[in-house]
Amino acid sequence: MGKMHFATALLAGGWRDDVLVEVDGGVIARVTAGVPAGDAARFAGPAVPGLPNVHSHSFQRGMAGLAERRGSAPDSFWTWREVMYRFLDRLTPDDIEAIAAHAFAEMLEAGFTAVGEFHYLHHAPDGSPYANLAETAERIAAAADIAGIGLTLLPVLYAHGNFGGAPPVPGQRRFLNDPDRFARLMEGSRAAIRGLPDARIGIAPHSLRAVTLDELRAAVAANPAGPVHIHVAEQVKEVDDCLAAHGRRPIELLFDTAAVDPRWCLIHATHADAGEIAAMAGSGAVIGFCPLTEASLGDGICDVTGYVGQGGRFAIGSDSLIRVSAAEELRTLEHVQRLRHRSRNTLGAPGVSTGRRVHEAACAGGAQALDRNIGRIAPGARADIVVLDPDHPSLAAAAGDVILDAWIFSADNAGVADVICDGVHVVAQGRHRDRERLAGRYRAAVRRLEAI
């Protein structure tokens with residue numbers, strides 16, 4: 001779309017009316033407020049920057065609802081993980097692509113316009129590499145291209161089953177690579193994203209459970225450019241196991257091992273003490289919070305309020321994709337802090353919209369974590385724009401920052417009318433341009449998997 005005109009839009013300086021956005025090659029070339037539409041495509045709803053989704057395991061969308069039954073033993077993240085291992089043991093490359101394409105289309109319909117795919121499902125079900133080592137990376141890239149979402153591919157280095165180089169368990173066999181094979185996988189993954197609009201690549205040492213400290217240092221040194229994402233301190237057991245193996249907590253150990261800086265995105269960081277929160281806030285790194293998954297898995301609650309109060313940067317991710325909703329991730333982030341602190345508008349400020357504050361922070365942190373020029377409607381940025389529905393009951397009387405408050409805290413996915421990603425109109429009237437075909441492929445895949 002070369003020219004778009006919005007009745008109102010959130011720009012860097014605030015809300016402006018009658019905004020003309022001109023796009024060249026997927027990038028915003030000019031933004032002019034207070035002008036008529038002329039020959040531009042017209043949008044009656046308010047426009048806001050699209051949200052980055054910094055943490056996705058797209059294949060897990062296919063198992064949503066399969067782990068909601070308690071066994072005889074206490075249920076936890078660790079029992080959920082066993083369900084996940086059984087599910088992924090059935091997936092073919094075709095399944096991986098079909099599930100990912102549908103999940104990415106759902107993300108666009110929900111207001112996410114870029115995704116960081118934390119990609120660790122590398123090999124065949126028996127653990128043997130495919131003839132093309134980057135087979136599944138190519139499927140993720142194809143899915144992003146089909147759906148039309150911006151992609152930062154994050155191939156995962158996973159080598160061990162627990163701290164100190166413990167042997168992996170059978171359910172992890174599809175993930176495993178030694179450092180040499182991981183280097184070859186990275187080369188294949190770079191080739192896989194070549195040709196996608198503005199795609200990026202980073203690395204993702206899975207966690208300090210899955211790589212040794214020497215392997216972590218070597219992987220970061222071998223990939224000096226691009227983002228570094230890592231799971232850290234998600235579970236109490238993880239903290240206890242790290243203390244037993246190293247005498248230090250996971251975040252403390254990470255900072256002692258690597259030069260954590262703005263390249264890094266620390267996923268979850270749920271169980272951080274006051275010193276670790278201060279270290280993360282001071283590092284310039286981003287924490288990738290995944291509130292819906294963290295609630296689903298019973299992870300716990302990070303002191304996000306304390307972290308943000310020290311200038312900490314954050315972004316949001318949908319992780320296990322138990323539900324796909326940009327608004328609900330932001331809403332849950334705030335609501336969980338209200339429960340923790342028994343207060344309201346904990347991530348806001350006096351007289352300032354909480355919805356706008358969390359949205360802008362997640363846009364800026366997500367752009368940094370995904371190494372993409374996104375998260376703002378301004379010249380030079382990718383044309384990733386979400387248009388909300390002015391006729392939705394929750395938005396009908398909203399103006400200014402109340403628009404974001406109404407979307408995030410009330411309207412949810414139903415408040416999204418149109419989505420432009422990389423300058424392309426991919427969602428119209430709340431529906432992805434290829435919804436039925438992608439949903440059909442997804443249904444066929446999950447029905448086949450259920451029958452196995």
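Of the 452 residues of the protein, 60% are buried (under 20% relative accessible area, with a 1.4 Å probe and protein chains only; exposed is over 50%, partly exposed in between). The model is predicted: local features need pLDDT of at least 70, side-chain atom pairs count only at pLDDT 80 or more, and totals for chains, interfaces and linings use all residues. Residues are numbered from 1 along each chain as its sequence is written, and side-chain values use heavy atoms, without hydrogens and water.

The secondary structure comprises 14 helices and 17 strands (DSSP runs numbered from the N terminus; helices are H or I of at least four residues, strands E of at least two). The radius of gyration is 21 Å, close to the 22 Å from the globule rule for 452 residues, so the protein is as compact as a globular protein of that length. The radius is taken over C-alpha atoms, and the rule is 2.2 Å times the number of residues to the power 0.38. The C-alpha trace spans about 65 × 45 × 45 Å along its principal axes. Among contacts between residues at least 6 apart in sequence, 73% join residues at least 24 apart (contact: heavy atoms within 4.5 Å).

The unreviewed UniProt entry annotates residues 48-424 as "domain: Amidohydrolase-related"; such annotations may be inferred rather than shown by experiment. Over this range the chain is 40% helix and 15% strand. Its end C-alpha atoms are 15 Å apart.

Asn345 is not a glycine, yet has a positive phi of about 50°. Asn345 sits in the loop between α11 (326-341) and α12 (354-370). It is partly exposed, at 35% relative accessible area. Asp371, also not a glycine, has a positive phi of about 55°. Asp371 lies in the loop between α12 and β14 (385-388). Its relative accessibility is 37%, partly exposed.
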